[in-house]
Every structure is written in C-alpha cells, then in structure tokens.
Amino acid sequence: MIEVKGIRKKYGRKQVLKDVSFTAEKGQITCLIGINGVGKSTVLKAIMGLTPVAGGSILINGQSISSKTYEHITFIPDTISMPPGMTVAACMTFMKDYYVSWNPQRANEMKEFFKLNETDKVGELSKGNAAKLNLLLGLALDVDYILMDEPFSGIDMFSREQIASVFTSHLIEDRGVIVTTHEINDIEHLIDKVVLLDNGIVRREFETETVRLEEGKSVMDVMREVYNG
Ligand SMILES: Nc1ncnc2c1ncn2[C@@H]1O[C@H](COP(=O)(O)OP(=O)(O)OP(=O)(O)O)[C@@H](O)[C@H]1O
C-alpha cells in the first residue's frame, strides 16, 4: 500500500499542499482528480521522492522512500523524457540496460498492441504515439506501483481509448496504479478509488463502487457536489 499522511508543500510563498492524506492499494486504480494547478503532479513527485515535502510522511509497503523504493515503483510523467533523436527500439534497449525490472516480453507485447514502429524517432512521433511509448516504457517495468501523470492529456479519442483499454488488461495485472487527471470522462469506468484534491487538501476519498451502490452516484455526481458546494 502507498500511504500519504499529512504532506505539505510550498513553492516559494505559495502553499500548494496544505494537508494531503490518502492511501492507494495494490490491485486498485486510484485516481487523483483536481483542476489544473491544484498540485496533482506535485503529489506524485513527492511519492517518488523527486520533490521534498515540508511535513507529513509517505510510506510504500510500510517503508519510507529510499533508493530501494525504486524497485517497487515507477513514475510515468506527462511528457516523454527520452531524447528526440532516439528510436523506439533504442529507448527500449536503454530501459533494458538500465533497469533490472525491465520485462522485455511485456514491452514487446505493448509495442505490438500500440502498433509502434521500432525505427521511428521519439521527436517524430505523433502526440498519441509519444504518449503510448511513454506508457510502454513505464508499464514494462515489473514493479508493484505505477504512478501516471495525465496519460490522456492532449491526445485524440482513438489513442485515449487504446490507452484506457490497457488499464483493464493483464498489462496492469494486480499492480497498484495512481493516475492523475482533470478530465474524468475517459477513465470513470476504469477506476476503483477517487481522491478529490482541492485547495491543498483532500476534499473526499471514496471507492467508486461503494458510492455507486450505496448512494447511487457516479464520480461526476460526487465531483459536482464537492466542487459546487
Ligand atoms: N517547480 C515549481 N516551482 C514553482 N511553482 C511550481 C513548481 N511546480 C509546480 N508549481 C506550482 O504549483 C502548483 C501545483 O502544480 P502541479 O503541477 O502539481 O499541479 P497539477 O494539479 O498537476 O496541474 P496540471 O493539472 O496543470 O498538471 C501550480 O500552481 C504550479 O504553478
């Protein structure tokens, strides 16, 4: 389990996270939702230990963040970080050489599924294909938890559908996923848990199925209640 307990973060004088607590379980897709600039990416970076936080704590499988954490978790940012001159094949080779957790079989399966061409260069990929390659490079690592920052951002409907189908496939298996979005429509039907972030705090944390069964509400219904007051 990932446990985020009371984290705080300031950029200069701006208090972005005031008191953020939530949990994300293995085997579940947890969606961190909030409007632009609310601090979703900051939360993911904090979990990865990529940005320091001023207070609170973060535990991954009961352990604080350390170099060992990276054997259990990966972060897929919202833009691809590979150099533009590298081919798809070269990116995959780089990952294989760099990470012991690289799973070449899963990587090849995703390359076929997304119909990515090995000889295409990163800088020449369409936005949709760059997003797919980015996802491939993260999901091909055999880790327990995957953090994805806005995987649907700025790409066409067909690419979004293809990426969404990965969430329900064996490529995710029983791993834990935290995905951020400000656009719930694409993934409402895929997610197990929602964490609504607003004004530096978690306004509500709920299981989608429980809210649907017990209150007869969709994620959108709850979002309207919370954000419209
Ligand atoms: N390195 C930084 N230095 C200063 N301010 C920053 C930095 N990174 C983020 N911020 C600010 O912190 C706030 C939260 O940013 P963050 O990227 O975490 O939000 P977000 O919810 O992920 O936004 P989006 O949906 O647009 O990706 C924003 O106001 C942003 O401008």
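At what angle do helix α4 and helix α5 pack, and how far apart are their axes? The legends below take up this question and then turn to the strands and the ligand of this predicted model.

**View 1. The packing of helix α4 against helix α5.** Two packed helices are described by the angle between their axes and the distance between the axes. In this predicted model, helix α4, which covers residues 127–139, packs with helix α5, which covers residues 157–167, at an angle of about 15°, and their axes lie 10 Å apart. Because angles under 35 degrees count as roughly parallel, α4 is described as roughly parallel to α5. The crossing of these two helices is right-handed. On the α4 side the contact is made by G128, A131, K132 and L135, while α5 contributes S159, I163 and V166. Sorted by class, the residues in this contact of α4 with α5 are four nonpolar, two polar and one charged.

**View 2. The pairing of strand β1 with strand β2.** Strand β1, residues 2–11, and strand β2, residues 14–24, pair in the antiparallel sense over seven bridges. One of the positions along this pairing is E3, whose bridge partner in β2 is T23. The hairpin formed by β1 and β2 has two residues between the strands, and within this hairpin G12 takes a positive phi near 60°.

**View 3. The pairing of strand β1 with strand β4.** Strand β1 also pairs with strand β4, residues 55–60, in the antiparallel sense, here over five bridges. Along this pairing, R8 stands opposite G55 in β4, and I2 stands opposite I60 in β4.

View 4. Strand β4 and strand β5, the latter made of residues 63–64, pair in the antiparallel sense over two bridges.

View 5. The ligand is surrounded by Y11, V16, G34, N36, G37, V38, G39, K40, S41, T42, E150 and H182. Helix α1, residues 40–48, provides the largest share of this shell, with three residues. By class, the shell around the ligand holds three nonpolar, seven polar and two charged residues.

Key: Residues numbered from 1 in each chain as written. Predicted model: local features only at pLDDT ≥ 70, side-chain atom pairs only at ≥ 80, totals over all residues. Axes fitted to C-alpha atoms, helices over the stretch in contact; angles between N-to-C directions. Helix = DSSP H or I, 4+ residues; strand = E, 2+ residues; numbered from the N terminus. Parallel < 35°, antiparallel > 145°, perpendicular 65-115°, else oblique. Left-handed = near helix turned anticlockwise from the far one by under 90°. Contact = placed C-beta atoms within 7 Å. Nonpolar A, V, L, I, M, F, W, Y, C, P; charged D, E, K, R; others polar. Pairing = 2+ DSSP bridges. Near = placed C-beta within 6 Å.
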